[in-house]
Amino acid sequence: MTASRPSHELDVAVAGAGVVGLACAVALLARGARVTVHERGAHVGAEACSWYAGGMLAPWCEGESAEEPVVRLGQEAAAWWERHAGGVVRRGTLVVAPSRDRAELRRFGERTSHFEDVDGAAIAGLEPDLAGRFSRGLFFAEEAHLDPRRAIAALAERVLAQGGTIRFGSEVEPAALDAGVVLDCRGLAARDVLPELRGVKGEMLILKSDEIALSRPIRLLHPRIPLYIVPRAGGHFMVGATMIESGARRRISARSMLELLGAAYALHPAFAEAEIVEIGTDARPAFPDNLPRLTRRGRVIHVNGLYRHGFLLSPAMARMAADAVLDPHLRPEMLHDLAA
Amino acid sequence: MAAFYGFAPDNPLFLGTAQYPSPAILAEAVRRSGAEVVTVSLRRESAGSGAGQAFWSLIRELGVKVLPNTAGCHTVKEAVTTAQMAREVFGTDWIKLEVIGEDDTLQPDVIALVEAARILSDDGFKVFPYTTEDIVVGSRLLDAGCEVLMPWGAPIGSGRGLNNPYGLRTMRQHFPDIPLVVDAGIGLPSHAAQAMELGYDGILLNTAVAKAGDPAAMAEAFALAIRAGRLAFAAQPIEARDMAAPSTPVMGKAFLA
C-alpha cells in the first residue's frame, strides 16, 4: 500500500493478457482496483488467440448463427473500444454471395436485422473495387471493425498508464495467486479447471495487395465455406477464418489454405497476385453453448468461453466481471456460481 | 421395423451433427427429435492428433449410437483411412461411407464407392453407403457386403427433397428386404414424410435441422413427419385417381330444386 492510494482499494490479479484479460484489467482499474496482470507469453499477443482475430465488431451479422446475448451484448463493443483503445472504423459490414448462392443471402437476411438490401450499383458505391462482381448484398451500416493487434497493444498501454502492472513470462496457477480476487482469463489454458471448455480451431491469412482497396469487412457467403476479409492498414487484408472442432493450436491444413485463398480469389481475382504475409492458427475457447461465462469459485472468477467473439464481447464481459468483483451482491447475467 | 445391421431403432431419424450454432443446440435437437443415431464426420487432421477429443466427448455424451462418416473423402484410400480412424476414435464398426465424385453436386463416385465398400466390409465394417438411386449400383454394393443402402434424395445440403421419386420407388420395389435410408437433400419434414410413405426405412439429414432458425424445433418436426410417413406406408395409402369419387353415396339423395 502506498500513501497515495486509499486503503480500501481491492487487489485484483488477472491471469492472461489476451483480449478479455486486458479488458477486465482496464475496467477494474477504472473503478479503483489495484490490478496485476500475469501473462505467460513474452509480450502482448504472443500466446493469445486474440492475436489472430478478425477484429469485426459485427453483432448483427453474428446473429446469423449466434444466440441473442451475443447480438445484444455485442452492441456495446464499438463505443467501448473507441473510448479505450481508439482505431474503431465505423463503415459497416458488407455481405455478398455469388449469384449461384443467392439462397445463402436470403437465409442470412432472414436470421439477422439492422441491414439494408443493396444492389450492384450500391455495392459499387460502397466498394468501388467490387463493381460488377456482385449484384446483391446486405449492408449492415451500424457495424464497425478494428485492428485487433493495435487494439490489444493500446489496452496494455492503458493498463500501465492507469497504474496497473503486467508481468510477462509469468505462468501462474490462478487459485494460488495472492490477491483479494483473481480473474482467470487464460482461455483454453484453463481447461484444467473448466472441463467443459473446448477448442475450436481457426486458421487465418494475412495478404498484402496494392491492387485492391476495401473500406470495410466483406463477408462472402457460401453454403460450405463462409469466409470474410477485413482490410487493415498498409494494403493488408486479414482472411478468416476456419471453424474446426479441434483444440490444436498450430499447423494449417492444405485444405484450409485452399478454402481461404479460394474465398479471397472469389471476392476479387486481384488477390491471386497478393503476397501471403502471414499464416496464423490458434484455437478459440468455447463452452458447449458457445456463449461466454463468468464462473465464480470462491475468490476466483473465470472469465472464459468468448469463442469467436473476443473483441465483440470483451467489453460486456469486462463490465460484468468488474461488477462481480466489486459488488458480491450483484449478479451479472453471464455469472455462474460454483462451490469453492 | 427395419433393422440396420441388427439395430432396430424405434425412431429411424439419423441426425447429422455438423453446422449447428453450438454443441448445446445440437444436444437439444437430438433430445427433442428422439433420434437414436447421430452421424459424425471425422477430420483426419483432428483424428491423427486427438485434438478433436473435446467435441467427440460431447457427441458420446449424447448417449445415442454414433455412425461416423467419411464426409469429404474423394478417393477409396482416403475413405478407407478415415473409416479406420473413426473406428478407433468412436469404438464402432459402423461407417457411413461417402466418396465424393463431383465437387459442385457432391455426387457420390459410385465406382470408388463399391470398391471402398468391399474393402471395408472385408475388414469387418458395417457399411452404410451414400449412393444414388441406381439399382445396378445398389446390387453391386450388396455384393460388396453392404446390408443397408442410402440413396440420395437430392444433392447434399440442397434441401430440394426427392428429386427422383420414381427412381426411389423403383429402388424400394427392387430391394424389398434391404433397409433403405434416404440420405441427403431433404429440406422439409414433408420431404421426409414423402420418403417414408414410399416405404423407406429411415431418413438421414443434417443441414435442414442444423441451419433452421430453431434447430431443436425443426428436429422434432422431422421426427413427427417420419413417424407420420411410416404409419401412412404401413396403413396402405389409397391410389390417386383422376376422377372424383364421392365418399358419401349420392344415389337416392332428395332433390331440393
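In the predicted model, 7 strands of chain A form an open sheet with mixed pairing. The strand order is E8-E2-E1-E9-E16-E15-E17. Strand E8 (165–168) and strand E17 (335–338) of chain A are the edge strands, and each pairs on one side only. From one strand to the next, the twist averages 20 degrees.

Strands of a sheet pair through backbone hydrogen bonds, either parallel or antiparallel. Strand E2 (residues 34–39) of chain A and E8(A) run parallel, joined by 4 bridges. Within E8(A), Thr165(A) stands opposite Thr36(A).

Helices pack on this sheet. Helix H7 (residues 148–161) of chain A touches E2 and E8 of chain A. The direction of helix H7 makes about 125 degrees with that of E8(A). Helix H1 (residues 19–30) of chain A lies across strand E1 (11–15), E2, E8, strand E9 (181–184) and strand E16 (300–304) of chain A. Helix H1 runs at about 170 degrees to E2(A).

Chain A also meets chain B. The contact takes 23 residues from chain A and 21 residues from chain B. About 1800 Å² is buried between the two chains, 46% of it on carbon and sulfur atoms. Arg224(A), Glu245(A) and Pro288(A) supply 25% of the area that chain A buries against chain B, more than any other three residues.

The count between chain A and chain B is 1 salt bridge. Arg100(A) forms a salt bridge with Asp104(B), with the closest N and O atoms 3.2 Å apart. Across the interface, 5 residue pairs are in polar contact. Helix H5 (102–111), strand E10 (198–208) and helix H8 (254–267) of chain A each supply at least two residues of the side that touches chain B. The largest share, 3 residues, comes from H5(A). By class, this side of chain A has 4 nonpolar, 6 polar and 13 charged residues.

Definitions and conventions. Residues numbered from 1 in each chain as written. Chains lettered and ligands numbered in written order. Predicted model: local features only at pLDDT ≥ 70, side-chain atom pairs only at ≥ 80, totals over all residues. Heavy atoms only, no water. Pairing = 2+ DSSP bridges. Axes fitted to C-alpha atoms, helices over the stretch in contact; angles between N-to-C directions. Contact = heavy atoms within 4.5 Å. Buried area = accessible area lost by both parts, 1.4 Å probe. Salt bridge = Lys/Arg side-chain N within 4 Å of Asp/Glu carboxyl O. Polar contact = N/O pair within 3.5 Å; in protein donor to acceptor, adjacent residues only side chain to side chain. Nonpolar A, V, L, I, M, F, W, Y, C, P; charged D, E, K, R; others polar.
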